[in-house]
Amino acid sequence: MKKILFVASECVPFVKTGGLADVVGSLPKCFDKRYFDCRVIIPKYLCIKKEYTDRMEYIDNFYMEYDGKSQYVGIFKMEYEGVIFYFVDNEYFFSGSKPYGDILWDIEKFIFFSRAALSVLPVVDFRPDIVHCHDWQTGLIPVYLKERFHEGEFFRDIKSIMTIHNLKFQGTWDVKTIKAYSGLPDYFFSPDKLESYKDANLLKGGLVYADAITTVSKTYAEEIKTKFYGEGLDGLLAARTKDLRGIVNGIDYDEYDPNTDKFIVNRYNAKDYRKEKVKNKKALQQELSLEVNDKKMMIGIVSRLTDQKGFDLIAYIMDELCQMDVQIVVLGTGEERYENMFRHFDWKYSNKVSANIYYSEELSHKIYASCDAFLMPSLFEPCGLSQLMALRYGTVPIVRETGGLKDTVEPYNEYESTGTGFSFVNYNAHEMLGTIRYAHSVYTNKKREWNKIIDRAMAADFSWHASAMKYQEMYDWLIG
Ligand code: ADP
Ligand code: GLC
């Protein structure tokens, strides 16, 4: 039995701010249980719902030296859908209302978490063959493992993988501070190790020391070796190209299934969507006080409202877009200027635009199920899960050809009658608008063609099956 430990800062269903949580929550249960014992460790945040904390079992506690103080480390455990989860408890670090806050505080918190997560392993008697680390919050773990954490036999030869979900965030602060929190000696703070442009960089530590590096799509794996997408680490990633692979994300096909979805008004599938899907649209139009009209093309957006997602393009053409016969439904939170931009257009075109500036699992499912098209014009996109959810619900994605969007949405070709969505290449607002107009004309004038796009979208397979196999192959290759 090969033992794998996932270490991450968020995980569905316990705590989620974005796609990272979806991946960490859904991938471990897809491994072949005959050969892989994959467990997960995350912080025990105060914001985890009581329905889950009630089911956690207290295991043990100990004190750990951290930045000159002795810090409590509690260990909780829970089995959920066949996977064992461990939770690191410490009320000082994990009691916020959200997992993330101020960056310096996050750095202090996640270095604590990384060290605690490794220290927990001998106590729970789980010695993984591979520690699979996700994003900057866990970047020091490969470093600690190479440093043979606390000496001794236990940690000898444990391998590590660093998965990049988003290279934009690296956990960077001055060397002095990170040296103090990490407890690592001077040796590690040179430009070929943790130092990056004079500061210390946690993700870089992971990328230098991990035995293998992955990211969440093939295209992003190539892009990050270039200056534009490389966020200052393109040189390092190019140097490690032999150890870097892109494995596209999947989504949880049980959780996101229009045929069984508990959040939607009317369930449907690939056979009956022509009649049934539209009932969700009418219900949502009513719920959001939009004009109830099944002929209006409804475009959905579910997203963190950040620059990454291309909202400056949308802001630029929103007035023009609203002259078209469309409805726009937005669900998201994030940067204030984008929140206010959508609130403004909701006010200006109240029967056409619905801005829902909050977080809601339920409304997100309703949007995936109700809309005709789903807009995601990202500046960069490591993988993107929202477009996969849209495909699964027969909601046609309109995307920019970057990262995982390029790998998962096949552009419609009207001559060959192929494709699962619409896409454009350049980061240009009018190129995007042209693509939306084209999609709108197919939707309005060539309904049969539109439905064939939906047929192909719903037939595409973005369950975890194929990608979980690729991770398994990588684990086998690493452990030998
Ligand atoms: P990212 O991880 O960059 O935010 P992804 O497309 O990989 O982008 O994943 C986003 C996930 O977060 C999806 O599951 C999406 O449905 C969800 N999501 C984003 N914003 C909201 C929101 N306001 N309410 C509910 N779910 C949201
Ligand atoms: C990140 C990326 C997103 C990806 C997700 C899960 O948040 O922005 O593209 O789908 O991680 O890997």
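This is a predicted model: local features need pLDDT of at least 70, side-chain atom pairs count only at pLDDT 80 or more; totals for chains, interfaces and linings use all residues.
Residues are numbered from 1 along each chain as its sequence is written, chains are lettered from A and ligands numbered from 1 in the order in which they are written, and side-chain values use heavy atoms, with hydrogens and water left out.

The chain is divided into domain 1 (2-250 + 465-479) and domain 2 (273-461), with bounds that come from an automatic or database domain assignment. The centres of the two domains, taken over C-alpha atoms, are separated by 33 Å. In the contact between them, 19 residues of domain 1 meet 19 residues of domain 2, where contact means heavy atoms within 4.5 Å.

The largest nonpolar core has 168 residues. Such a core is a set of buried Ala, Val, Leu, Ile, Met, Phe, Trp, Tyr and Cys residues joined through side-chain atoms within 4.5 Å; buried means under 20% relative accessible area, exposed over 50%, and partly exposed in between (1.4 Å probe, protein chains only). The residues with the most contacts inside this core are Phe14, Leu207, Phe342, Trp450 and Tyr475. Helix 4 (residues 103-124) supplies the largest share of the core, 11 residues. Helices (H or I, at least four residues) and strands (E, at least two) are DSSP runs, numbered from the N terminus. Domain 1 and domain 2 both give residues to this core, so it lies between them. Not counting residues up to four places away in sequence, Phe342 touches Ile301, Leu305, Phe311, Ile314, Met318, Val330, Val353, Ala355 and Ile357.

Strand 1 (residues 2-7) pairs in the parallel sense with strand 2 (residues 36-43) over 6 bridges; two strands pair if DSSP finds at least two bridges between them. Within this pair, Phe6 stands opposite Val40 in strand 2. Together with helix 1 (residues 19-26), strand 1 and strand 2 make a right-handed β-α-β unit, a crossover being right-handed if, with the strands pointing away from the viewer, the path from the first strand over the helix to the second runs clockwise. Strand 1 also pairs in the parallel sense with strand 6 (residues 130-134), over 4 bridges, and Ile130 in strand 6 is the bridge partner of Ile4.

An open antiparallel sheet is formed by 3 strands in the order 8-10-9. Strand 8 (172-173) and strand 9 (195-196) stand at its edges, each with a single partner strand, so one side of each is left without a neighbour in the sheet. Strand 9 is joined to strand 10 (residues 199-201) by 2 bridges, and Ser196 stands opposite Asp199 in strand 10. Helix 7 (residues 202-209) lies across strand 9 and strand 10 and runs at about 55° to strand 10; axes are lines fitted to C-alpha atoms, for helices over the stretch in contact, and angles run from 0 to 180 degrees between N-to-C directions.

A further open sheet contains 6 strands in the order 15-14-13-16-17-18, with parallel pairing. Its edges are strand 15 (353-356) and strand 18 (422-424), each with a single partner strand, so one side of each is left without a neighbour in the sheet. Neighbouring strands of this sheet are turned by 15° against each other on average, direction ignored. Strand 14 (residues 326-334) pairs with strand 15 over 4 bridges, and Val353 in strand 15 is the bridge partner of Ile328. Helix 13 (residues 336-348) packs on the sheet, touching strand 13, strand 14 and strand 15, and its direction makes about 145° with that of strand 15. Helix 18 (residues 447-459) also packs on the sheet, where it touches strand 13, strand 16 (373-376), strand 17 (396-400) and strand 18; its direction makes about 80° with that of strand 17.

Thr306 lies in the loop between strand 13 (297-305) and helix 12 (311-323) and is buried, with a relative accessible area of 16%. Leaving aside neighbours within four places in sequence, Thr306 is in contact with Phe311, Glu335 and Tyr338. His440, in helix 17 (residues 429-445), counts as buried at 15% relative accessibility.
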